[in-house]
Amino acid sequence: MSDDLSKPFSQSALSHEEILKINRERRIQITAFAFMIFLTLLAFLAVGMEMVEPGFTIPFILLLAVVQFVLQLFYFMHLKDKDHQWPNAFMMTGIVVATPAVIALVLLLGVTKY
Amino acid sequence: MATETAANNNKSVLWDWLTTVDHKKLAVLYLIAGALFFIKAGAMAIFMRIQLMSAENTFLSGQTFNEFITMHGTIMLFLAVTPLIFAFMNFAVPLQIGARDVAFPFVNALGFWIFFFGGLLVSLSWFFGGAPDAGWTAYVPLSSGEYADLGLDFYVLGLQISGLGTLISAINFIVTIINMRAPGMTMMRMPLFCWTGLVTSILIVFAFTPLAAGLALLMLDRIFGGQFFMPDAGGNPVLWQHIFWIFGHPEVYILVLPAFGIISEVVPAFSRKRLFGYTAMVFATLIIAFLSFMVWVHHMFTVGIGPITNSVFAIATMAIGVPTGIKIFNWLFTMWGGKITFNTAMLCASSFVPTFVLGGVTGVMLAMVPVDYLYHDTYFVVAHFHYIVVGGIALGLLAGTYYWYPKMFGHKLNEKLGQLMFWLFYIGFHLTFFIQHILGLIGMPRRVFTYLEGQGMETMNLVSSIGAFMMGAGVVVLLINIVYSAFTSERITVRDPWDARTLEWSTTTPVPEYNFAQTPQVRSLDPWFYEKVHGEGLMKPAEPMDDIHMPNGSILPLTIGLGLFVWGFGMIMLEMANPIITPWIVIGTGVIITFGSMLLHSIHEDHGYHIPLDKIKKIEKEVG
Ligand code: HEM
Ligand SMILES: [Cu+2]
């Protein structure tokens with residue numbers, strides 16, 4: 001039964017629609033990836049060029065970071081897809097658990113060092 | 001490829017165990033490894049209690065005592081109780097959800113071997129200038145390069161490696177429980193042990209990652225000249241405490257939730273009643289898990305973080321008492337009006353309830369900030385957490401051992417010896433630890449290797465030590481029982497020696513390697529009980545009999561673990577004064593073994609093998 005599993009299959013088991021869907025998905029992934037690289041470049045530029053004043057740079061790159069984070073979750077981690085309830089639930093749990101912890105840590109450690 | 005491996009049977013027994021990916025065999029491996037570490041750490045506890053038996057005793061030096069304390073705590077938590085829990089999860093969870101194995105059998109074996117070699121690495125420290133001695137919490141600066149020797153490097157790298165094993169096992173269990181349930185086994189029909197196993201695995205994923213990060217930072221500080229925790233170089237030692245307890249508090253729930261699960265299996269089985277308030281139990285588990293991430297500062301009340309923070313975390317801590325109370329009442333109501341059989345498993349399970357309540361009550365006491373300034377770092381704390389870890393977790397594990405033993409090994413443990421063990425252990429436990437509350441209140445500090453005469457501590461310490469010897473005797477009786485029963489106990493041939501309720505008891509004894517010849521159709525909570533009462537006494541199959549696809553064993557999990565071990569040892573050699581060979585050679589060897597084994601696993605295609613239908617029929621006839 002499983003003897004032939006190592007041989008390549010002559011024909012894909014996917015239907016035509018499924019192949020189309022995968023191709024579309026791939027395009028979306030690449031676009032998202034390119035866009036994120038662009039965002040990263042922007043952040044580097046904002047810091048590296050020293051043309052913009054720091055009062056603007058810091059909130060700006062933080063905003064970029066948040067956008068990246070959301071994009072990563074939705075596109076790379078498939079939060080946008082249907083039938084991903086379990087992974088989504090875990091991702092949400094992680095965010096819900098980690099956010100207060102990180103906020104508390106920032107507040108507690110702050111700038112004062114014991 | 002697939003057919004030749006069916007002839008695997010004539011390989012040697014040892015090779016079979018080293019390469020196994022069968023969850024039932026891995027459970028036995030976990031059980032043995034965990035028990036060995038438990039005995040080792042228990043012996044250290046006995047030695048510490050001998051030292052504390054009288055004032056100004058000189059049985060152990062202060063340094064040795066510190067090493068014993070650290071190793072006792074570290075081994076008990078990471079290398080004894082964690083694998084024992086994984087032993088029962090490995091054995092019971094796939095059977096309880098009606099699966100043929102875990103989702104990733106190879107990863108399952110990998111988790112075991114990585115854990116095992118990590119534990120070996122920690123233990124090796126004895127032979128290289130002494131064990132770690134900064135307590136299981138390894139607070140900086142005590143654990144920094146300035147104050148601690150090589151032992152701490154073994155702690156850091158050994159725990160890093162064994163933690164990795166624990167982490168991947170946990171991921172495996174999450175996937176298994178979500179994806180491998182038999183038809184009809186909805187989430188809300190899962191036995192509570194599976195639920196707590198799932199939640200524990202989730203906690204491991206979220207808690208062991210901060211630990212890994214913290215250990216990595218400490219490693220950078222110690223071995224590579226980092227300064228994350230060095231105040232004079234701009235680092236922050238309190239950061240370590242935060243990271244450690246963000247992991248550390250969930251860790252206690254990682255250990256106790258599966259014990260809750262075992263109790264929730266054993267109590268209904270021997271009360272002849274269904275579990276009271278199943279849904280409430282599930283949600284209480286989830287709430288406890290969530291809250292366990294929100295309370296870590298209660299270990300740091302005296303650090304000086306400030307009254308507002310302390311109050312917030314104190315209230316969050318007390319809130320955990322609510323879902324825990326729900327569980328306590330549910331166990332009581334399960335027993336209420338039941339037809340209770342008090343065998344050893346049930347004795348352990350039912351006495352778990354009051355002991356755990358005591359540990360919980362002192363926990364709430366400790367959560368009150370002003371009083372914690374008095375209790376902190378005294379024997380009161382030691383008494384509190386031993387009521388949880390021994391009175392809770394150890395009793396839960398003992399109950400699980402007596403309960404699942406007939407399924408795992410084909411015979412029961414002797415009841416008389418079992419009851420003797422229980423009473424020795426239980427009375428010894430209260431003698432040892434109850435009196436430590438009072439010792440703490442009159443001011444005996446924790447983690448001290450001796451105390452002065454004439455402070456009113458001699459008698460109580462003596463009582464405590466006598467209790468510890470009784471517990472030790474209890475464990476010895478358990479070991480005798482295991483050997484004695486192996487020779488004299490009557491072999492079990494029936495499926496269900498306890499007349500229990502969950503799916504694992506619907507399999508034949510011994511359980512064939514494929515668990516279920518046909519995947520069962522689950523029709524209710526407590527499916528096996530349902531079929532016994534409303535059905536025909538056997539599970540309804542959900543599929544026709546057919547060939548069964550099984551995974552092949554592999555030696556690669558062992559070699560990956562070995563590679564990590566060598567690699568970690570090489571890193572430690574970087575710190576040695578004059579290592580025998582260049583550390584980088586050792587590190588390189590380790591890296592090559594690790595990644596070479598991974599590469600081998602990737603390029604070597606292995607689709608497993610099939611057990612043919614006629615062979616299954618033959619096996620079923622033999623055992624059925
Ligand atoms: C079998 C009976 C046991 C005895 C007699 C015992 C005894 C002790 C003693 C004497 C200490 C040192 C207390 C101090 O001075 O601070 C200690 C610490 C500790 N024990 Fe146990 N213990 C037992 C079981 C366990 C178990 C089952 C666990 C965990 C699952 C455990 C976890 C710990 C931890 C975490 C510490 C703290 C180590 C540290 O301070 O770094 N013990 N125990
Ligand atoms: Cu805690």
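In what order do the elements of chain A run from the N terminus on? They run α-α-α, and chain A has 3 helices and 0 strands. Helices here are DSSP runs of H or I with at least four residues, strands are runs of E with at least two, and both are numbered from the N terminus.

Welcome to this predicted model, in which local features need pLDDT of at least 70, side-chain atom pairs count only at pLDDT 80 or more, and totals for chains, interfaces and linings use all residues. Residues are numbered from 1 along each chain as its sequence is written, chains are lettered from A and ligands numbered from 1 in the order in which they are written, and side-chain values use heavy atoms, with hydrogens and water left out.

Of the 114 residues in chain A, 20% are buried. Buried means under 20% relative accessible area, exposed means over 50%, and partly exposed lies in between (1.4 Å probe, protein chains only).

Now to the metal site. The copper ion (ligand 2) is held at 1.7 to 2.0 Å by His249(B) through ND1, His298(B) through NE2 and His299(B) through NE2. Donors are N, O and S atoms within 2.8 Å of the metal (3.2 Å for Na, K and Ca), and sites may look incomplete because water is not among the atoms. The donor residues follow the spacing H-x48-H-H in sequence. His249(B) sits in helix 7 of chain B, while His299(B), 50 residues apart from it, lies in the loop between helix 8 and helix 9 of chain B. His249(B) is buried at 7% relative accessibility, whereas His299(B) is partly exposed at 24%.

| Helix pair in chain B | Axis distance | Angle |
|---|---|---|
| Helix 3 (residues 62-96) and helix 7 | within 11 Å | roughly 40° |
| Helix 10 (residues 344-367) and helix 12 (residues 379-409) | 8 Å | about 160° |

Axes are lines fitted to C-alpha atoms, for helices over the stretch in contact, and angles run from 0 to 180 degrees between N-to-C directions. Angles under 35 degrees count as roughly parallel, over 145 as roughly antiparallel, 65 to 115 as roughly perpendicular and the rest as oblique. Helix 3 and helix 7 of chain B are therefore oblique to each other, and helix 10 of chain B is roughly antiparallel to helix 12 of chain B.
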